[in-house]
Amino acid sequence: MPGATYRYELLRKRLHVFTRMLHGVERDDGRALHRVRVASRRLRELLPVLQLDRDQTHKLVRRLRKVTDRLGRVRELDVMLLLLAELHHPRRLTEKGFRTVTAAIGEQRSRAREHLMDKLPAAELRRLAEKLGELARTLDPAQHALGRQEEAASRWAVDARIAKRAERLRSAMHEAGAVYLPDRLHAVRIAMKKLRYAVELRDEFAGVRAAEDLRTLKRGQDVLGRMHDLQVLMNRARHVQARLAPADAAMSDELDQLIHTLEDDCRRLHGRYMRERPALTEICARATARPHAAAQRRNGRRQVAS
C-alpha cells in the first residue's frame with residue numbers, strides 16, 4: 001500500500017504528543033491539558049486495533065479513559081471561562097454579570113484542579129507514558145520482525161469499527177430528528193466524534209491526508225461541540241442565578257438575558273447542523289453499505305480454494 005503508515009508510527013505519533021504536553025499539565029497550562037486529553041482519546045482509539053494482548057490492551061484503555069475523564073472536568077470549566085470572555089460585551093453580559101459568573105466558575109475550576117492533581121498526579125501520567133513507550137517498542141519494525149498479518153488485521157479492524165460507529169451515528173441522528181433537543185444532540189455529537197476518530201485512523205493507515213469525509217465530520221463535530229459548550233455555560237448561569245439573594249433582582253434579570261442569548265445561539269447552531277446532516281447521512285450510508293475488508297478477503301480466499 002503506497003504511503004501506508006504502520007502501527008508503530010501511529011502509536012509513536014500519539015504518544016509523542018501525550019508525553020510532550022505532560023509538563024504543561026503540571027504547570028496548569030490549559031492548552032497542554034487539552035492536548036493531552038485529545039491524545040488520550042486518540043490512543044484509546046488506536047490501542048484496540050493493534051492486535052495486542054487483550055488483557056493488556058483493556059488495562060491501558062481503562063487507564064487512558066480515567067485520564068480523559070479527569071482532565072475533562074477541568075477542561076470543561078476552562079472552556080466556560082473562555083466563552084465568558086468571548087461574551088463579555090455590554091449587550092450580552094455587563095461587567096458585574098461577567099465578574100459574578102466568572103468568580104463562580106473560577107472557584108469550581110480551582111477545586112477541580114486540586115482534585116485532578118490529587119487523583120491523577122503527574123507521576124502517574126508519566127508511568128502511563130512509559131508503559132505505552134514500552135508497548136511501542138514491541139511494534140518497532142527496526143527491532144522486531146514486521147508482522148504483515150497483524151498490520152493487515154489492524155486495518156480490517158478499523159474498517160469494522162467505522163461501519164459499527166457509522167451505524168451508531170445514523171441511529172443517533174434518527175433519534176434526534178429535526179427538533180432542537182439538547183440531550184439527543186449530545187448523543188449525536190459523541191457518536192460523530194467517535195466515528196471521526198476511526199475515520200482519521202483509517203486515513204492515517206492509508207497515508208491519506210484530510211479526506212472529504214473527515215472534513216465533513218470535523219465540521220459537524222465543531223458545530224455540535226460549540227452548541228454543547230454553550231449549553232453547559234447556560235446550565236452554569238442558571239445555577240448561579242438560583243443562588244442569588246432575593247434582593248438581587250437586577251442580576252437575576254441580567255442572567256435571564258444571558259441564558260436567552262445562549263439559547264438563541266444554540267438554535268442557530270442547530271440550523272447549521274441540519275444543513276450538514278445530509279452529508280453526514282451519506283457518509284454513514286457509504287460506511288455501512290461497503291463490505292468489510294476482512295470479509296472480502298476471506299470470501300476471496302474461499303473462492304480460490306473452491
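1. Of the 306 residues in the protein chain, 44% count as buried, where buried means under 20% relative accessible area with a 1.4 Å probe and protein chains only. The chain exposes about 16600 Å², of which carbon and sulfur atoms supply 49%, the areas coming from the Shrake-Rupley method with a 1.4 Å probe.

2. This is a predicted model, in which local features need pLDDT of at least 70 and side-chain atom pairs count only at pLDDT 80 or more, while totals for chains, interfaces and linings use all residues. Residues are numbered from 1 along each chain as its sequence is written, and side-chain values use heavy atoms, with hydrogens and water left out.

3. The secondary structure comprises 11 helices and zero strands, helices being DSSP runs of H or I with at least four residues, strands runs of E with at least two, numbered from the N terminus.

4. Leaving aside neighbours within four places in sequence, Leu 47 is in contact (heavy atoms within 4.5 Å) with residues including Leu 11, Leu 60, Leu 64 and Leu 132.

5. The mean pLDDT, the predictor's confidence in each residue from 0 to 100, is 87 for the protein chain, with 89% of residues reaching 70 or more. Confidence is highest in helix H3 (residues 30-46), at a mean of 95, and lowest in helix H11 (residues 293-305), at 43. Over residues 293-306 the pLDDT is below 50, and this stretch has five contacts in the model beyond near neighbours in sequence.

Notes. Buried < 20%, exposed > 50% of the residue type's maximum accessible area, 1.4 Å probe, protein only.
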